[in-house]
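Hello,

Here is the structure I promised to pass on. Please load it first; my notes follow below.

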Amino acid sequence: MKKIILSALLLAPVALMAQSDFTLKGTTKSVANGNKVYLVYAENGQRLTDSAIVSNGSFEFKGKVTAPVMGNLFNNVNPYKKGANTRNMDYTALYIEPGNITINSADSLKSGVAGGTQVNIDNAKLNALLKPFTEKEKALNDEYSKFTKEQKEDEAFMDAFMEKYNAVRDQKTPVYLGFVKNNPKSYISMVQLASLASNDKVVGEVEKLYAALSPELKATKTGQNIPKTIDATKKTAVGVAAMDFTQNDPNGKAVKLSDFKGKYVLIDFWASWCGPCRNENPNVVEAFNKFKDKNFTILGVSLDGGNTRTTKEQWLKAVEDDKLAWTQVSDMQGWNNEVSTAWGIRSIPANFLVDPNGKIVAKDLRGGALHKKLAELLDKKTK
């Protein structure tokens with residue numbers, strides 16, 4: 001069926017690269033005949049969607065891509081169509097790349113296993129190694145879904161739960177590193193290094209593993225960006241002096257991080273369009289109100305504008321709606337924000353806590369962890 005451009009940066013210049021054909025053939029035993037399966041992926045900055053009808057337990061897609069990209073298959077739901085009911089979606093992720101891709105499912109799409117092409121074969125191999133930990137994560141997610149409202153609002157209860165969850169997540173890191181070490185020519189290895197490069201606990205090992213990647217992988221756009229992320233991670237590690245920066249507030253006044261020297265300052269990277277950021281904002285507001293009289297403040301850096309296509313007005317409305325009563329800055333360049341790029345920000349919300357001497361003392365503090373760290377540092381200084 002005809003592809004539809006759902007979201008595209010049509011005004012941005014796009015480098016023309018050679019495209020190659022892909023075929024995706026799916027086999028499923030429990031998806032009903034006549035159901036429509038949607039394929040969504042991105043190509044050259046454009047999000048594309050295609051659909052196919054299930055017939056005799058099978059469906060097929062054909063198209064062109066320039067390089068491996070993540071894609072998703074959805075059963076009977078186009079999640080990007082306005083008004084679509086996305087609750088309890090049956091979907092699965094896979095890589096769209098040149099060649100003949102297969103995906104086989106014993107029941108729902110969610111249980112599908114992709115293969116046929118090298119990137120999908122390697123990804124399946126990694127997922128098999130991670131299975132003991134992903135099963136633990138699933139069990140914890142199921143446990144969380146049964147928590148009462150009171151339990152979710154109990155800070156000590158949730159801190160204990162998140163400690164368990166984070167412990168399982170941390171157990172996956174050696175698996176990723178081991179896979180990369182054993183598969184230096186795999187595209188999946190490069191993808192994992194790109195993710196791990198922002199983890200200051202393992203950045204040294206990531207740097208060594210990157211050196212062993214194949215020249216072909218290093219030459220890709222993702223491969224070229226990994227050393228930049230490694231460098232930014234080293235410069236923003238806990239214990240390192242925070243890099244100074246200057247960016248304008250909504251009135252065009254230049255604001256420097258060093259303007260806040262002598263105080264504890266939380267550098268908060270967020271955006272009006274970021275759902276998780278907006279969900280976390282009430283917690284940040286509570287922390288600000290609790291500690292603002294104890295030599296603490298916040299400096300918000302917004303990733304609005306630019307390729308996110310949000311406006312200054314939307315940014316300021318979010319500031320007002322969420323009651324963010326602290327200094328806000330932005331260059332309105334979206335993901336190309338000069339500060340976030342220099343600080344190696346790859347996802348938001350993200351934050352760094354800087355002490356009165358300008359040293360980074362903590363990072364990525366969420367929920368109760370933010371309050372706990374601030375109390376540890378600030379309450380003892382006011383007693």
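Two strands count as paired if DSSP finds at least two bridges between them. Helices (H or I, at least four residues) and strands (E, at least two) are DSSP runs, numbered from the N terminus. By that rule, S12 and S13 pair in the parallel sense, over seven bridges. Aspartate 268 has glycine 300 in S13 as its bridge partner.

Some ground rules. This is a predicted model: local features need pLDDT of at least 70, side-chain atom pairs count only at pLDDT 80 or more, and totals for chains, interfaces and linings use all residues. Residues are numbered from 1 along each chain as its sequence is written, and side-chain values use heavy atoms, with hydrogens and water left out.

**The sheet**

S12 and S13 belong to an open sheet of five strands. The order is S14-S13-S12-S15-S16, and the pairing is mixed. S14 and S16 (360–363) are the edge strands, each pairing on one side only. Neighbouring strands are turned by 20° against each other on average, direction ignored. Axes here are lines fitted to C-alpha atoms, for helices over the stretch in contact, and angles run from 0 to 180 degrees between N-to-C directions.

**Helix H9**

Which residues of H9 (312–321) are buried (under 20% relative accessible area; exposed is over 50%, partly exposed in between; 1.4 Å probe, protein chains only)? They are Trp315, Ala318 and Val319. These residues sit on the same side of H9, because they cover an arc of only 100° around the axis. The arc is that of the directions from the helix axis to the C-beta atoms. Glu313 and Glu320 are exposed, on the face turned away from the buried side. The cover over the buried residues includes S12 (264–270), H8 (275–291), S13 (296–302) and S14 (327–329). After H9 comes lysine 323, with a positive phi near 60°.

**Asparagine 337**

Asparagine 337 lies in the loop between S14 and H10 (338–342). It is buried, at 0% relative accessible area. Leaving aside neighbours within four places in sequence, its contacts (heavy atoms within 4.5 Å) are Gln247, Val301, Ser302, Leu303, Ser330 and Asp331.

**Domains**

The protein chain is divided into domain 1 (20–116), domain 2 (121–236) and domain 3 (240–379). These bounds come from an automatic or database domain assignment. The C-alpha centres of domain 2 and domain 3 lie 24 Å apart. Their contact takes 11 residues from domain 2 and 13 residues from domain 3.

Best regards
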